[in-house]
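These are my notebook entries on what I looked up in the structure shown below. The entries are grouped by topic.

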Amino acid sequence: MSTAREQIFSSVRAALAPLPERTARPVFSKDVAEPHWLAAEADSLALFQKRAEATGTKCFTDMESCAAWLRSQGVRTVYIPAPLTRLAALCSEFSEVTSEYTRARVNEIDAAFTPAAGAIAESGSIILSDESTPDRLAALAPWHHIALVSRAEIHRTIADALAAMPDDPNLIWVTGPSKTADVEGILIQGVHGPGAQACLIL
Amino acid sequence: MAEQKVELFARRLDRGVQQAVHSNSAAGTEKRYTVLGTDYSAPDDLRRLAGQIRQHAIEHLDTYLEQAEQSLKRQGAHVHYAVTAEDACRAVSDILQKAGAKKVVKSKSMISEEIHLNDHLGSVGIESVETDLGEYIIQIDGDHPSHIVKPIIHKNRRDIAKSFEREGLGDYNDDPETITRRARVFMRDKYLQADAGITGANFVSAETGRLVLVTNEGNSRFCLAAPKIHIALVGIEKVIPSDAELAVLLNLLGRSATGQQLTVYTEFINGPARTDRPSGPQEMHVIFVDNERSQILASDCREILRCIRCGACLNVCPVYRQASGHAYRSVYPGPVGAVLSPLLAGKNFKQLADLPKASSLCGACNEVCPVDIPIPDLLLKLRNRGHEEHAPSPGTPPMGAFAKLASSPMLWRFAMKSNKVMNLVPLEKLPLPYLQPWLKTRTLPEWRGGEFRSWMKDRRKK
């Protein structure tokens, strides 16, 4: 008996064999799907901020105002992983700042900082990778997630970001807070992931 | 007289449900139209390009599927193949049982609906929880999704509040925010306890082996953050040549589905966790499922395999808006379902051969399709196939007598003239049930049959 693999490949080949000709691979320029308003946006950083805010991601350019925002949100427990300890010094007013993230504490951490692997100006997306994210859960489970975006790592377009994808088991583009409109089409933020998504641009 | 099943379902549908489906679908169409119009000066050119990309991919599936397999293996994933729905279910449960897994969390996947995975896992004693809010509500209600992207478009907040109360997720509360928070709390434990996460895939890049998943809730991310095993069920047609094509496809998918430039989470999965990147699942399995797809590829309806499951054709379809998704009696509703479902039924084609008739062939589905599938043409081909295979055709009036009449010039002339008697008959009193609903709101003009012929004859004489 032939294996499932052989069966599928032989049916696919049999299906395609009678085609008199097959559609050629279309050639298209990298910018083919860029929105027409993109050309007028000279500054990638300004564009990123505009697009991020439009999709619900708050943008900060200094730690003080970010920390002030978190306090105003009633945040008590903050996770800041080891590579970012320099930021922890600026978070003295929270009841707890920890660099340890464990499964047992998934529901206790109110806010988490993690380094981003980049950002996309065109869509206002933050890029997270396994290389830069110490724990996938840490960037997902807390109500507040703040990604640290470096100015130099902002890709201008989606196509640029696709062309520059690093070798990593998992890359994720985060475009705004977790949301659903399943119930009567009403938009609700914070379904499974962060209800408040932010980035700190450094 | 027998009626078309979709029409019958629409007539019996609760008015509230119909209203909800109609307004939610119309809003979806409106959003899509606005965002594409704002962002692109020639969105149709982009749709046609995306259509060519997908058509090229499925017409080279032999090459790309093999390449995808090699790329996935190179990244450390296990690759499996399943010919039928049953094989696919068994492949999933075999992996789970071998690993001793008892609990799984699932993110939304149409192919898992197609193969009825949850029923199978339940039957072998594995708990499988749908984590997408809408899909979870479908699961606890023992219901079926009625839309590809908005599975509970047919339910209102009161229905959902009752279901949550019944399932012990708190007292009755129909505030959408409260419902969502309760699901958040409930799912947390499920994610953390799960042994495996099951997902679908929106695209698989043959060149890099990257599996692309798009969601808004973040549930697929959770399914790949907490459990130690990842199983992806992928229809063989999901393969695309390389990552570069994603620039076109992702830009159209979000806009067509929900009017978003990109969905909130666009995830690129490239193998299991590595020693230096240990956060994700340790094991990754990709199951490529055929389930009639290779037969569709062999048919003259292969263009339907381009579909990227955005649901835009459902939203725009006047029949879907009236009838809702369950009228289509299959996993894929709306225009795409009217083509895909009878084809996926394989040997049971005839049972769903009425679906391609549930369309006025207005062509709106083709106009909104991000991959430019000629759905009306495919509907006609399938209508023809149904006719050739003598599929039952309820709702179609017998045409035999008319055919005789229309093929004899003498009989036709006679009928044209003698039908003047119709002007004397009170039509609303005729015992023809299928005419009565029509006549309630309309009247026929006076019968003037044969006058054109007389006029032509006189004109020739002059």
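Helices (H or I, at least four residues) and strands (E, at least two) are DSSP runs numbered from the N terminus.

**Basis of the entries.** I note that the model is predicted: local features need pLDDT of at least 70, side-chain atom pairs count only at pLDDT 80 or more, and totals for chains, interfaces and linings use all residues. Residues are numbered from 1 along each chain as its sequence is written, chains are lettered from A and ligands numbered from 1 in the order in which they are written, and side-chain values use heavy atoms, with hydrogens and water left out.

**Chain B overall.** I recorded 22 helices and ten strands in chain B. Its C-alpha atoms fill a box of roughly 95 × 55 × 45 Å along the principal axes. Of the 462 residues in chain B, 57% are buried. Among contacts (heavy atoms within 4.5 Å) in chain B between residues at least 6 apart in sequence, 74% join residues at least 24 apart.

**Aromatic rings.** I counted rings of Phe, Tyr and Trp (its six-membered ring) as paired if their centres lie within 6.5 Å; planes under 30 degrees apart are stacked, over 60 edge-to-face, and the rest tilted. The count is eleven aromatic pairs over all chains. B:Tyr191 and B:Phe222 form a stacked pair, 4.3 Å centre to centre with 10° between the planes. This pair links distant parts of the chain, 31 residues apart: B:Tyr191 is in helix α10 (residues 176–193) and B:Phe222 in helix α11 (residues 219–223) of chain B. Both B:Tyr191 and B:Phe222 are buried. Ring pairs also join A:Phe9, B:Tyr81 and B:Phe288 into a cluster.

I then looked for a charge over a ring, which requires NZ of Lys or CZ of Arg within 6 Å of the ring centre and within 35 degrees of the ring normal. B:Arg385 lies over the face of B:Phe349, at 3.7 Å from the ring centre.

**Cysteines.** Taking a disulfide as a pair of cysteine sulfur atoms within 2.5 Å, I found zero disulfides over all chains. For B:Cys223, the closest cysteine sulfur is that of B:Cys89, 18 Å away and therefore too far for a bond. B:Cys223 is buried, at 0% relative accessibility. The sulfur of B:Cys307 is 6.6 Å from its closest cysteine sulfur, in B:Cys313, which is also too far for a bond. B:Cys307 is buried at 9% relative accessibility.

**Serines in loops.** I found B:Ser107 in the loop between β2 (103–106) and α6 (110–114) of chain B. B:Ser107 is buried at 1% relative accessibility. Leaving out residues up to four places away in sequence, B:Ser107 touches several residues, including B:Glu130, B:Asn219 and B:Cys223. B:Ser109 lies in the loop between β2 and α6 of chain B and is buried at 6% relative accessibility. With residues up to four places away in sequence not counted, B:Ser109 touches B:Thr199 and B:Gly200.

A:Ser132 is buried, with a relative accessible area of 18%. Its C-alpha atom is separated by 7.6 Å from that of A:Thr114, 18 residues apart along the chain.

The 25 residues should span 36 Å, and the end C-alpha atoms are 36 Å apart, which agrees. The buried residues of α2(B) include B:Val17, B:Val21 and B:Arg32.

Seven of the eight residues of helix α8 (residues 133–140) of chain B are buried, so this helix is largely enclosed by the rest of the structure. What covers the buried residues of α8(B) includes β10 (179–180) of chain A together with α6, β3 (127–130), α9 (157–166) and α10 of chain B.

Technical notes: Buried means under 20% relative accessible area, exposed over 50%, partly exposed in between (1.4 Å probe, protein chains only). The expected span of a helix is 1.5 Å times one less than its number of residues.
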